[in-house]
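Here are my notes on this one, point by point. Have the model open while you read.

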Amino acid sequence: MGRLAAGLATVTVLSVTASGCVTVHGELEVVPGATKSEAAQALEDFTAAYNKADEAYDPALDADRVTGSLGAINQAGLTARQKNNPGGNKAHRPLELTDASYTIPKKAGWPRWFVADTDSNRDQDGGKLDTRWLLVFVRAGADAPWKAAYLAVVPPSQVPKFRKDADGWAQPVPGGDADTTLATAPAELSTAYTDYLKDGTPDVFAPGATTTGWRDTRKNTRRAGFSFQYVDQPLDTGTFAPLGLTTEDGGALVFFSSKHFERQTAAEGLRPAVTPDVRALLTGEVRTTLTKERVSSQLVYVPKRGAGDEGGRVRVLNRLPGLIAAKGS
């Protein structure tokens, strides 16, 4: 999964207005973002491009099928592997995404998007290791290709039921800081998450491996002769803006992005270790410091305001990080 995660990525995610609609070129009619056949074709095109790129370790082969945080991780991962394995991926195993269902929201203007809920051949069907792959596809305009912007891997039990109209079309989450229907506004999630990782506030996230657990791990990281520093930055505009769907219970399933830096500084006479994947993305010379830059996408469940779920806290269901750059000094 680590190799696959590093080989997938990017987004042209939308910025939603307070009404939940995007107005582009004066298009105000609220329509489904795609047909079911268009969605199925988008998934097929992505899978084919991903397999070609993974087999050759060539980021150019799927660059037009990924965007956003998934694209950033995918392209950097393939670039690193291409440098380290110029002959391609000798262990390539074609990715298969089957049993797909599509949740397509109605909205105005461009970009348009939908979520594909799929079964991959990277797990064990049934039992504790069974997972679903949720892929968000985004299209920037009528002549633009569908691109995969987010990927989240979750147990089937973590996929909620979405609120839909009589025709089966989903409802996108209203955007903007003015949203008062949810415990935490989607537009605030990236800033809230990165602030929380730094200071422990705002305390809006439920305990877990990617919240309290990650903070504890950072605090307790120890290595003789080395010090560690962490900087977290919001990533929530342009192609990295959050995307969400309203659930039947009034909450929301939201995808959002963030950026994270880890700096390792060595004492005199020591030098940070550099792995092949890091070296492939490295600028500068590692003498005493090594700074790693990662992009991360999160899938979270946000309860409606006043709900009792974990005291109204946001639950992180999946986190997909990927190294995109490194710098030595």
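**Notes on the model**

1. Let's start with helix H5 (residues 212-219), where Trp-214, Arg-215 and Arg-218 are buried. They sit on the same side of H5, because they span an arc of only 100 degrees around the axis, the arc being that of the directions from the helix axis to the C-beta atoms. Buried here means under 20% relative accessible area, with exposed over 50% and partly exposed in between (1.4 Å probe, protein chains only). Helices (H or I, at least four residues) and strands (E, at least two) are DSSP runs, numbered from the N terminus.

2. Before going further, some housekeeping. This is a predicted model, in which local features need pLDDT of at least 70 and side-chain atom pairs count only at pLDDT 80 or more, while totals for chains, interfaces and linings use all residues. Residues are numbered from 1 along each chain as its sequence is written, and side-chain values use heavy atoms, with hydrogens and water left out.

3. What covers the buried residues of H5? The cover includes helix H4 (189-199) and strands E7 (226-235), E9 (252-266) and E12 (315-328). Contact means heavy atoms within 4.5 Å.

4. Arg-218 in H5 deserves a look of its own. Arg-218 counts as buried, at 13% relative accessibility. Its side chain makes a polar contact of 2.8 Å with that of Asp-232. For the record, a polar contact is a pair of N or O atoms within 3.5 Å; within protein, one must be able to donate a hydrogen and the other to accept it, and residues adjacent in sequence count only if both atoms are side-chain atoms. Leaving aside neighbours within four places in sequence, Arg-218 is in contact with Leu-197, Tyr-230, Asp-232 and His-260.

5. Now H4: its buried residues are Leu-189, Ser-190, Ala-192, Tyr-193, Thr-194, Tyr-196 and Leu-197. Among the elements covering them are H5, E7, E9, E12 and strand E11 (289-302). After H4 comes Gly-200, with a positive phi near 85 degrees.

6. Gln-264 belongs to strand E9. Is this residue buried or exposed? Gln-264 is buried, with a relative accessible area of 7%. Its side chain and that of Arg-223 are joined by a polar contact of 3.1 Å. Not counting residues up to four places away in sequence, Gln-264 touches Arg-223, Phe-226, Ser-227, Phe-228, Pro-272, Thr-288, Thr-289 and Leu-290.

7. On to the open sheet: 4 strands in the order E2-E4-E5-E6, with antiparallel pairing. E2 and E6 stand at the edges with a single partner strand each, so one side of each has no neighbour in the sheet. The twist averages 25 degrees from one strand to the next. Two strands pair if DSSP finds at least two bridges between them.

8. H2 (36-56) packs on this sheet, touching E2, E4, E5 and E6, and its direction makes about 140 degrees with that of E2. H3 also packs on the sheet, touching E5 and E6, at about 90 degrees to the direction of E6. Axes are lines fitted to C-alpha atoms, for helices over the stretch in contact, and angles run from 0 to 180 degrees between N-to-C directions.

9. Strand E5 (residues 132-139) is mostly covered, with 8 of its 8 residues buried. Arg-132, Leu-134, Val-136 and Val-138 point one way, while Trp-133, Leu-135, Phe-137 and Arg-139 point the other. E5 pairs antiparallel with strand E4 (residues 112-120) over 7 bridges, and 7 bridges also join E5 to the antiparallel strand E6 (residues 147-154). Trp-113 stands opposite Val-138, Phe-114 has Phe-137 as its bridge partner, and Trp-133 faces Val-153 in E6.

10. Finally, the cores. A nonpolar core is a set of buried Ala, Val, Leu, Ile, Met, Phe, Trp, Tyr and Cys residues joined through side-chain atoms within 4.5 Å. In the largest one, of 27 residues, Phe-46, Phe-114, Leu-135 and Phe-137 touch the most other members. H2, H3 (68-84), E2 (97-103), E4, E5 and E6 each supply at least two of its residues, and the largest share, 5 residues, comes from H2. A second, separate core of 18 residues includes Phe-162, Leu-243, Leu-253 and Phe-255.
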